[in-house]
Amino acid sequence: MPQIIRSIIYKKKALGMKIRGFMTRLYLKTLGGKCGTKLHIGSGVAFKHPPHKKIVFGNNITIGDNVIFDIEESAELIIGNNVKITGPCYIAASKKIQIGDSTLIAEYVSIRDSNHQSALDIDINQQALLSENVIIGRDVWIGRGCAIIKGSLIEAGSIIAANSVLNKPTSMNSVFGGSPAKFIKNRS
């Protein structure tokens, strides 16, 4: 009996994700964005700013519960095919964030392409943002609780270990971890 109940709950959740995906796809396209097929969206997913033409979602994307997209009108967000973002996560772009095909992003990840300047003569919240692109290659796995910040370039096949802070380029097929993240080993 518990297996039947679990199966019903799972099917209901999957149907809800498909319906929210269909509605989000329409929303993105209506406002000028691009969105491929098979978009699955969890509950509580939100866009802090209205979507626009510089937002591109590929095919077969799954976005988990409570993912927040904070994509400014002048910024680009490009998500490739077969990407899975587990919620909750926060993705904020003032310039450009690109996520490659077949990438996995675990829960509690923050991806931001900018931070505030820090001069002493002006309050921090009044200072301009410093922005650099964040590029995440294909077949990348970003572990739970990571912060991927401006200037990060995650090469194809890389793994970023849980709770790491990355602010620099990685090498292909490598594992990086720590705060700040450092090279740990090559994938073999």
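## His52 and the aromatic pairs

Leaving aside neighbours within four places in sequence, His52 is in contact with Leu31, Gly32, Gly33, Ile71, Glu72, Glu73 and Ala75, where contact means heavy atoms within 4.5 Å. The model is predicted, so that local features need pLDDT of at least 70 and side-chain atom pairs count only at pLDDT 80 or more, while totals for chains, interfaces and linings use all residues. Residues are numbered from 1 along each chain as its sequence is written, and side-chain values use heavy atoms, with hydrogens and water left out.

His52 is found in the loop between strand 3 and strand 4 (55-57), strands being DSSP runs of E with at least two residues and helices runs of H or I with at least four, numbered from the N terminus. With 8% relative accessibility, His52 counts as buried (buried is under 20% relative accessible area, exposed over 50%, partly exposed in between, with a 1.4 Å probe and protein chains only). A polar atom of the His52 side chain lies 2.9 Å from the backbone oxygen of Glu72.

Rings of Phe, Tyr and Trp (its six-membered ring) pair if their centres lie within 6.5 Å, and planes under 30 degrees apart count as stacked, over 60 as edge-to-face and the rest as tilted. By this rule there are 4 aromatic pairs, including the two listed here.

| Pair | Centre to centre | Angle between planes |
|---|---|---|
| Tyr27 and Phe47 | 6.2 Å | 65 degrees, edge-to-face |
| Phe176 and Phe183 | 5.9 Å | 80 degrees, edge-to-face |

Tyr27 in helix 1 (residues 2-30) and Phe47 in strand 3 (residues 46-47) are 20 residues apart, and their pair links distant parts of the chain. Tyr27, Phe47, Phe57 and Phe69 form one aromatic cluster.

Notes
A polar contact is a pair of N or O atoms within 3.5 Å; within protein, one must be able to donate a hydrogen and the other to accept it, and residues adjacent in sequence count only if both atoms are side-chain atoms.
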